[in-house]
Amino acid sequence: MQNWSEDKKKLFELIKKGAFFKGDFILSSGKKSNYYLDCRLVTLTGEGALYTAKIFLDMVKGDSFEAIGGPTLGADPMIGAIGAVSVERGHPVKMFIIRKEPKGHGRGQMIEGPELKEGAGVIVIDDVATTGKAFIHSLAVLEKMGVKVAKCLCIVDRGEGAGAAVAKRGTKLESIFTANDFLNS
């Protein structure tokens, strides 16, 4: 398993054993695939959420940002874990969730969480990136608010265009793993 940290090795094993499936699948992008990664099966466990949070926080150590968040539903289970681990490490971070469409009542918000002010720098996270559709939606919502995205992070990049799509919007995509890590193991 390459020269990975213990947390990364443990997260890889959790995903490989419980969230990596071979077969015939239709992805949210509409593409057909002979494998599927359902990382929520891991991030919705205490152990998986903990390892993901620790690794993501290590990936942004030294970066300048005011909050970490991402699109519902992929980012939801990771956000709480990141908040808890950040407090435990003595560097609490704000968190936010981006809705698919505006809330139908109240203030009609697209983002849940502490207010993100214009000019704020944020990190956007998601579980699996394929074409980057969820990241692009998130970037569009944040850009409309004048919020700057420092970078995007995902657990697994399938290598099917998400990185290029995010780069076209002026942001970098980093991943803990690539699909090839699972396909070649």
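Start on helix α5 and select Lys133 and Lys144: these exposed residues sit on the face turned away from the helix's buried side. Exposed means over 50% relative accessible area, buried under 20%, and partly exposed in between (1.4 Å probe, protein chains only). The model is predicted, so local features need pLDDT of at least 70 and side-chain atom pairs count only at pLDDT 80 or more, while totals for chains, interfaces and linings use all residues. Residues are numbered from 1 along each chain as its sequence is written, and side-chain values use heavy atoms, with hydrogens and water left out.

Now show the whole of α5, residues 133-144. Helices (H or I, at least four residues) and strands (E, at least two) are DSSP runs, numbered from the N terminus. From first C-alpha to last, the 12 residues of α5 reach 17 Å, close to the 16 Å expected at 1.5 Å a residue; the expected span is 1.5 Å times one less than the number of residues. Select Phe135, Ser138, Leu139, Val141 and Leu142, the buried residues of α5. They cover an arc of only 165 degrees around the axis, which puts them on the same side of α5. The arc is that of the directions from the helix axis to the C-beta atoms. Gly146 follows α5 and has a positive phi, near 80 degrees.

Next, go to α1. This helix has 13 residues and reaches 18 Å, close to the 18 Å expected. Its buried residues are Asp7, Lys8, Leu11, Phe12 and Ile15. They fall within an arc of 135 degrees seen down the axis, so they line one face of α1.

Lys54 lies in helix α3 (residues 46-59) and Asp7 in helix α1, so the pair ties together parts 47 residues apart in sequence. Lys54 is partly exposed at 23% relative accessible area, whereas Asp7 is buried at 15%.

How many salt bridges are in the whole structure? A search finds 11. For another, select Lys151 and Glu174, which meet at 3.4 Å, N to O. Lys151 is in strand β7 (residues 148-157) and Glu174 in strand β8, so this pair ties together parts 23 residues apart in sequence. Glu174 also meets Lys172 in a salt bridge, at 3.7 Å. Lys172 is exposed, with a relative accessible area of 53%. Salt bridges that share partners join Asp63, Lys151, Lys172 and Glu174 into one network.

Turn to the aromatic rings and select Trp4 with Phe177. Rings of Phe, Tyr and Trp (its six-membered ring) pair if their centres lie within 6.5 Å; planes under 30 degrees apart count as stacked, over 60 as edge-to-face and the rest as tilted. The structure holds 8 aromatic pairs. The centres of Trp4 and Phe177 are 5.2 Å apart with planes at 65 degrees, so the pair is edge-to-face. Trp4 lies in the segment before α1 (6-18) and Phe177 in strand β8 (residues 173-178), so the pair ties together parts 173 residues apart in sequence.

Last, select the cysteines Cys152 and Cys154. With a disulfide taken as a pair of cysteine sulfur atoms within 2.5 Å, the count is 0. The cysteine sulfur nearest to that of Cys152 belongs to Cys154, 8.8 Å away. Cys152 is buried, at 0% relative accessibility.

Definitions and conventions:
A salt bridge is a side-chain nitrogen of Lys or Arg within 4 Å of a carboxyl oxygen of Asp or Glu.
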